[in-house]
Amino acid sequence: MDREIELKFLIPPEAAEAILGALDGEGAVRQLDATYYDTADHALRRAGFGLRVRDGEGGRKQTLKSASAGGVFSRGEWEETIAGPAPDRDALARTPVAPMLAEATLSPVFTTRVERVIRLVRAGETLIEVALDRGQLSAGDRHATVCELELELKTGEAEALFDLARTLARHAPLRLSMISKAERGYGLATGDAALRVRRQTAALNPEASVEAALQAIGQANLAHLCAALEALRERPEPENVHQARVAARRLRAMLKIFKPLARDDAAATALDAELDWLAGELDAARDLDVFVGEVWEGSAATFEGRDAFERGLKAARATAYLRMEAALESPRARDVLLEAAAWLEAGAWTSEPALAELRTIAAAAYAADRLDRLRRSMKKGAKHFDALDAHERHRLRLKGKTLRYAAEDLAPLFPSHPLRAERFLAAAKAVQDTLGVLNDRAIRSDVVNSLAHGDAPLAREATAALLQRDDDKLLRAAREALDNLLDAKSFW
């Protein structure tokens, strides 16, 4: 099995020539026509594999690819030259999918017709293959355009791969993507081309090192963020706003979980700040989405000035979405994805001699210590919960969120206590939910006051009509949830 290390970007078709013009090196042009195969119930796709038969230079080749092979941009690949147009069963018998395909019939799902322009770029001892793909996906009478740029490290240091990407990004907008042609083709074939954003839990071996755990968790979170931002650009709607904001915050939480590896690292500090900026650009849209969905829609409450208030609400939401969309199309938003990938794959933490011992220790031992520290911090913050104001409760909620994300991400390292893990995660979620409701109440008051535009009587009328007054009940629920979390048995 060969291990690929590559970056893939979506680019506007009109930017393709600018990219080619910025590249030196040997070149070639190939026509690559492929058919992707699967079982009737798409068993390969569900298991994280893609199977294609491709005609091109060098003959007909059968390629099986897995979703990941252990790095941020690595994929398992099994490729053989075959004779016939259909998949070769003997070749498949030598791959990990052999058991699931033993009795299954394979049929075509979709096809690709792609012209690939290749450049081999040398930088010292490093060799990078640059491939520009332009063409079309087809599934029956459905079609979709393809325009992608791939940078694959053949030999040398990974940092050179990111340096080349940064150089090319100055010539054309490069948008990091972790969604394969196969995934897009399946969406086309099933008639569901809209991206479905779901975070995949990192596949952690209980014997993994700290380095392997960080990269696996980082890969899962970055893939989530890439997909969420792509879906949000295609469909600016509340659920996609929510997913994008959560994905950005989970990446920030990952930096906190592995803080000893990111400490005194300028690139990590800059990445954290840019992720904070990105999530912040979504805040207003998310707050107004929640207000509309949970307060305004379905409310029959009447008050003087309701029509004017509603007009202001619609205008504010439209403005928030315009701000969000402008941020998503900015070079800054594209850069944060590239720099996240660069830090995960080639950051200083991967090679700093002083961190060598920490990188190689057992992730389970490291995780247990970090989870203990996070829970102690949570306990300290909750000690005088009844005396906390809204801002202090929000800070406690953020600590609880980091603890929850850490527990979710690190739980696979501790397979011996699945029920304890389940109970602990449920308790962590309850804390986040109850403190979240309290935080939402504070935000809703701010929203009402903002939409009243200084009209104090209107603000009072809207507050009385729209906002519930059950803070004591919510505080009791939050206090109970905190007690349950802090009393929950550790699963680590």
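Select A102: at 54% relative accessibility, this residue counts as exposed, because exposed means over 50% relative accessible area, buried under 20%, and partly exposed in between (1.4 Å probe, protein chains only). The loop that holds A102 runs between α4 (98-101) and β7 (107-123). Helices (H or I, at least four residues) and strands (E, at least two) are DSSP runs, numbered from the N terminus. A102 and L92 are 10 residues apart in sequence. Their C-alpha atoms lie 9.6 Å apart in space.

Before moving on, note what is on screen. This is a predicted model, in which local features need pLDDT of at least 70 and side-chain atom pairs count only at pLDDT 80 or more, while totals for chains, interfaces and linings use all residues. Residues are numbered from 1 along each chain as its sequence is written, and side-chain values use heavy atoms, with hydrogens and water left out.

**Whole chain**

Zoom out. The protein has 18 helices and 10 strands. Along the principal axes, its C-alpha atoms fill a box of roughly 75 × 55 × 50 Å.

Switch to a surface. The protein exposes about 23500 Å², and carbon and sulfur atoms supply 48% of this area. Accessible areas come from the Shrake-Rupley method with a 1.4 Å probe; for residues, only the protein chains shown count as cover. Of the 492 residues, 50% count as buried.

Colour by pLDDT, the predictor's confidence in each residue, from 0 to 100. The mean is 92, and 97% of the residues reach 70 or more. Select strand β1 (residues 2-3): among the elements, its mean pLDDT is the lowest, at 42. Then select helix α13 (residues 356-360), which has the highest, at 97.

**Two buried stops**

Select H42, in the loop between β3 (26-38) and α2 (43-46). Is H42 buried or exposed? At 18% relative accessibility, H42 counts as buried. Show its contacts (heavy atoms within 4.5 Å). Not counting residues up to four places away in sequence, H42 touches V109, Y186 and T190.

Next, E150 in strand β9 (residues 142-155). E150 has 15% relative accessibility and counts as buried. Which residues does E150 touch, not counting those up to four places away in sequence? They are E6, L7, K8, R116, E129, V130, A131, D133 and K181. Now draw a distance to H417. E150 and H417 are 267 residues apart along the chain, and their C-alpha atoms are separated by 42 Å.

With contacts still in mind, take the whole chain again. Residues 24 or more positions apart account for 72% of the contacts with a separation of 6 or more.

**Two positive phi angles**

Go to D264, in the loop between α9 (259-262) and α10 (266-296). D264 is not a glycine, yet its phi is positive, about 60°. At 78% relative accessibility, D264 counts as exposed.

Last stop: H453, in the loop between α16 (418-451) and α17 (456-466). Check the backbone here. H453 has a positive phi of about 50° although it is not a glycine. With a relative accessible area of 66%, H453 is exposed.
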